[in-house]
Amino acid sequence: MSKGKYYITTAIAYTSGKPHIGNSYEIVLADSIARFKRKDGYDVFFQTGTDEHGQKIELKAEEAGITPKEFVDRVQGTIKNLWDLMDTSYDNFVRTTDKPHERQVQKIFKRLYEQGDIYKGAYEGMYCTPCESFWTESQLVDGKCPDCGREVKPAKEEAYFFKMSKYADRLIEHINTHPEFIQPVSRKNEMMNNFLLPGLQDLCVSRTSFKWGVPVDFDDKHVVYVWLDALTNYITGIGYDCGGDSSEQYKKLWPADLHLIGKDIIRFHTIYWPIFLMALGELLPKQIFGHPWLLQGDGKMSKSKGNVLYADDLVDFFGVDAVRYFVLHEMPFENDGVITWELMVERLNSDLANTLGNLVNRTISMSNKYFGGIVSDKGVAGEADEDLKAVVTGTYDKVCAKMADLRVADAMTEIFALFKRCNKYIDETEPWVLAKDEAKKDRLATVLYHLAESIMVGASLLEPYMPATAKKIAEQLNAPLRGFDTLREFGKYPDGNKVTEKPEILFARLDIKEVLEKAEALFAAKAEGQKAENEKEEGDGVKEDVIDIEAKPEITYEDFSKMQFRVGEIIACEEVPKSKKLLCSKVRVGSEVKQIVSGIKQHYSAEEMVGKKVMVLVNLKPAKLAGVLSEGMLLCAEDAEGNLALVVPEKTMPAGAEIC
């Protein structure tokens, strides 16, 4: 009997390029939740897809010399292939270039305009192309986009706006009365304190400076703002109709039970999306979970360095289920996780090859050696058996409790605690010693039966997270994976069953040196390929390592002379509390010490900043960043990948020297 419907979505992947392993983490996380819910008796519908409009895509297509549609078709295929490679069980893959979706976006925009929620005006502010977001000067962090830390550019154009403040109080009330709506709680606090409570500004919902988007059908100079377009996939993908003729599927599935998204787009999903739904008269999703990021432990992923980690590369090294295990098990509930080659090899060798793989292999091998593969329960138990049974039959409820809070890593830890208890049981019972005494043959048989039963329970629980591995274990034990409703009972493994004669090694141990050598060769090849791509030029040849950026308006010498640049020496530096981007430096400039806050934490540690000679804009009007006073600006250079480098004097210069 079904426990009811469960509609889960991921954020749709932006088709500007191939997703790295941090992006792939989200689809695997969602898949594990969807598989768990299905196995737990829910009627699950799992939707994912691709976000295919926007200025960034238009520019990339132009650079590639193809149409935007050709560009997104290529990237969409790459993304879908990655999701399939990772063995994800989505029920629907939406594309925002699908005609039914585009028609509904146009109908939604027109309806919101006609009911007075959208009005026509003009926008002047700072625009971040990668995020497709407008910002006011006061919202910038160190002059950069507060979401991604990249450069923003002045933009002015005619636009349509959505009256966000009209629904703000209603949304605040909903959040306060539905504590489960935004998770984790830290994300909710961030949205309330930083955006809702200070007051919402009206949101720009159209653009005229590019064409690759859904046209506003009653004003074709405009295309619909990419976030209004993208967010509506959650309802258009299941049959929503703005005219009131929604499908039976929509009526069954909406509201969504879970929107699973990255923490970087939490604002769009917890503020803009609920308000759009309120304006349409639709119910709000039950829960929005902003998961943390998976970061590379040995430096920022960079295409130019060739060290970007992709799921397919990792699968070549470790296999699909090992990669699934790693990204799920190593990601904390609320804080960012770290991925390194060393840690992946360690986890594969210790958890997968030893704790799990060796357990299965030993159990099957002993069953074959001592009983010709026949597993029988002779009912001869000892003290260790009762504790084993308690652990095994209690694991399902522990896993359910963790999954109810979306603590997937903790749920997997509980399952591996079961496997560890099985290994301890082998040490306690010493089957090889029992085998030497004919009088203890029934006890030996019982021990091996209890191991087979325990492993089957563990494998059945493991299936949502590592489906191929669970299936292999079941095949080797020659019994079907079990439903969750049987896992509180001990003794369901078929008495007298025969296991496979030759157990397959589930996970082979790896040598870290060999893995690192192969990884280094892989990255070197990728870096060389990227270098060749950068140097390729139409005509003949060699392209200098340069970056073109949009020129700012000309200034006079009088304008320039108002700015004072000097050499500064950093004498102290510390991280700004509760900020992931900001460092606060004490900079000696002549006899004066200035406090300067900079968004460079992802590129420099506080420790390595101390002692550096830097170039400083010293007469910038003081401003507070994240509540900390900043009295100037450190000069940095930024490449196309967003990597920053402090601008430093070529030769040794005293602190305070004027830059002219």
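The legends below describe several close-up views of one predicted model. Local features need pLDDT of at least 70 and side-chain atom pairs count only at pLDDT 80 or more, while totals for chains, interfaces and linings use all residues. Residues are numbered from 1 along each chain as its sequence is written, and side-chain values use heavy atoms, with hydrogens and water left out.

**View 1. A salt bridge joins Arg38 and Asp91.** A salt bridge is counted here when a side-chain nitrogen of Lys or Arg lies within 4 Å of a carboxyl oxygen of Asp or Glu, and by this rule the model has 35 salt bridges. In the pair shown, the N to O distance is 3.2 Å. Arg38 belongs to helix H1 (residues 21-39), whereas Asp91 sits in the loop between helix H3 (68-85) and strand E4 (92-95), so that the pair links parts of the chain 53 residues apart. Helices (H or I, at least four residues) and strands (E, at least two) are DSSP runs, numbered from the N terminus. Arg38 is partly exposed because its relative accessible area is 28%, and Asp91 is likewise partly exposed, at 39%; in these terms, buried means under 20% relative accessible area, exposed means over 50%, and partly exposed lies in between (1.4 Å probe, protein chains only).

**View 2. Asp241 and Lys107 form a salt bridge.** The closest N and O atoms of Asp241 and Lys107 are 2.7 Å apart. This pair links distant parts of the chain, 134 residues apart, with Asp241 in the loop between helix H8 (233-236) and H9 and Lys107 in helix H4 (residues 99-114). Asp241 counts as buried because its relative accessibility is 13%, whereas Lys107 is partly exposed, with a relative accessible area of 36%.

**View 3. Lys221 and Glu158 form a salt bridge.** Here the closest N and O atoms are 3.3 Å apart. Lys221 is partly exposed at 44% relative accessible area, and Glu158 is partly exposed at 28%.

**View 4. Helix H15 spans residues 408-429.** The expected span of a helix is 1.5 Å times one less than its number of residues, so the 22 residues of H15 should span 32 Å, which agrees with the 32 Å between its end C-alpha atoms. Glu430, which follows H15, has a positive phi near 45°. In the loop between helix H14 (383-404) and H15 lies Leu406, which has a positive phi of about 60° although it is not a glycine. Leu406 counts as buried because its relative accessibility is 10%.

**View 5. Met192 is found in helix H6 (residues 185-196).** Met192 is buried because its relative accessible area is 8%. The C-alpha atoms of Met192 and Arg267 are separated by 10.0 Å, although these residues are 75 residues apart along the chain.
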